[in-house]
Amino acid sequence: MAREIGDQGRVLLLHESGTYASVSGTGQWLGLVTGHTINEEMGIIPLRYLGTTDRNVDQFIDGPKDYTGTLTFHPQDWGMTFFALGSIVDAGSPSPYTHVASELNGGASSAFTSGTLNPFPSFQIEDSHTVVGTGLNFVRTAVGCNVNTLSISAAQGEPVSVEVGYVAQNVNFSSGAATAVTEDTVRPFMWKDFQLHIPSGTVYEAVKSVNINVNNNLSPPHYLNGSEVIAPPVPGNRDYEVSVTLDAASERTKTLWDNYFKGGSTFNMIASFIASTGSRTAAFTFSGCKLIDMDSPTVREGVNEQTITIRPENCVVSANSLNQFWAPW
């Protein structure tokens, strides 16, 4: 017997072929992965019926299978924003390369996933526990993964963290070798790389933490189609939310409270990450923003702190990267 030790684990991304839940290509480095959980619901249905003369369950039958996952990592690149928003344009050659991730809505089909059910861009996640011995590995591959939620968090003195919640069609098992992947050794994005502009061009100097959230509100259908797993999930209403904690400053408080919160003015906003100017950057441009909540308590000692919650209408991500493609090809 060999115990499955954490330092021998590996989590990587595989692109799909253009057909939902069909794999293609080599293993892709995701970032500095710190955790991954696959939730597997077998949907077992207990049945009781008349005529058995007892109070027990009379049959367990196979019901609908549902698979979801949560992936956390420190980003070295921002390619996951493509899978969260739905559309990508890659350009530039040679390195650095440029990428623009933008919103895919119901009236358009993905350029990278075909099918009559208009599937959203999908990918696969391979999670492997490797041990000594042949045919003893525990390798699970979640296929047909769509990003349901994407959360980006930055806080003082820490690496930036990304959490992805996804919906998968199925999970396949193998005891064979894990897929090879090449490590990206550049440093992750850090708190010091972040700047907040409200509106565009006005930098807020005293931000302490920020959380950027995208929610696709996916609905996984179990059609009457001869299968116990889901068909491609249906994207629901897209929601954005940006939560910011900052030290109160006189030149910012009036604008935030009087103009945006109390006054209700709409504004544009940029959340930017710059690890290396011109080669490792990302600008999240939010438009149609409303400041929907502002918490500004008064303290007896120290600096007053404010927490604001912003709900944008639209988002586009423009980035420079050392990686040529965010798209599958």
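This is a predicted model: local features need pLDDT of at least 70, side-chain atom pairs count only at pLDDT 80 or more; totals for chains, interfaces and linings use all residues.

A polar atom of the Asp 193 side chain lies 2.7 Å from the backbone nitrogen of Met 190. Asp 193 sits in the loop between strand E12 (170-174) and strand E13 (194-197). Is Asp 193 buried or exposed? With a relative accessible area of 5%, Asp 193 is buried, because the cut-off for that word is under 20%.

Leaving aside residues up to four places away in sequence, Asp 193 touches Arg 187, Pro 188, Ser 272, Phe 273, Ile 274 and Ala 275.

Next, go to Ser 279, in the loop between strand E16 (267-276) and strand E17 (280-295). Its relative accessible area is 15%, so Ser 279 is also under the 20% cut-off and counts as buried. Which residues does Ser 279 touch, if those up to four places away in sequence are not counted? They are Pro 96, Asn 320, Ser 321 and Leu 322.

**Strands around E11**

Now select strand E3 (residues 32-41) and strand E6 (residues 66-74). They run antiparallel and are joined by nine bridges. To see one of these, pick His 36, whose bridge partner in E6 is Leu 71.

E6 and E11 pair in the antiparallel sense over seven bridges. Gly 69 has Tyr 166 as its bridge partner in E11, and Thr 72 has Glu 163.

Strand E10 (residues 138-155) comes next. E10 also pairs with E11 in the antiparallel sense, over seven bridges, and one place to look is Ile 152, whose partner in E11 is Val 162. E10 and E11 form a hairpin with five residues between them. In the turn, click on Gly 157, which has a positive phi of about 75°.

How many of the eight residues of E11 are buried? Six are, so E11 is largely enclosed by the rest of the structure. As you look along any of these strands, note the general rule: in a regular strand the side chains alternate between the two faces of the sheet.

**A second hairpin**

Select strand E7 (residues 86-91) and strand E8 (residues 97-103). Six bridges join them, and they run antiparallel.

Strand E1 (9-16), strand E2 (23-28) and helix H1 (80-85) each supply at least two residues of the lining. By class, the lining of the largest pocket has 13 nonpolar, nine polar and two charged residues.

Finish at the second largest pocket by selecting Asn 105, Gly 106, Asn 118, Phe 120 and Pro 235, which lie nearest its centre among 19 lining residues. The space in the second largest pocket is about 330 Å³. Its lining divides into 10 nonpolar, eight polar and one charged residues.

Definitions and conventions:
Residues are numbered from 1 along each chain as its sequence is written. Side-chain values use heavy atoms; hydrogens and water are left out. Helices (H or I, at least four residues) and strands (E, at least two) are DSSP runs, numbered from the N terminus. Ala, Val, Leu, Ile, Met, Phe, Trp, Tyr, Cys and Pro count as nonpolar, Asp, Glu, Lys and Arg as charged, and the others, Gly among them, as polar. On a 1 Å grid over the protein atoms alone, a cavity is a set of points where a 1.4 Å probe fits but cannot get out, and a pocket is an open set with protein on both sides within 12 Å along at least five of seven lines; lining residues have an atom within 4 Å of a point. Grid points are joined across faces, edges and corners, and a volume is the space filled by probe spheres set on the points. Buried means under 20% relative accessible area, exposed over 50%, partly exposed in between (1.4 Å probe, protein chains only). Contact means heavy atoms within 4.5 Å. A polar contact is a pair of N or O atoms within 3.5 Å; within protein, one must be able to donate a hydrogen and the other to accept it, and residues adjacent in sequence count only if both atoms are side-chain atoms. Two strands pair if DSSP finds at least two bridges between them.
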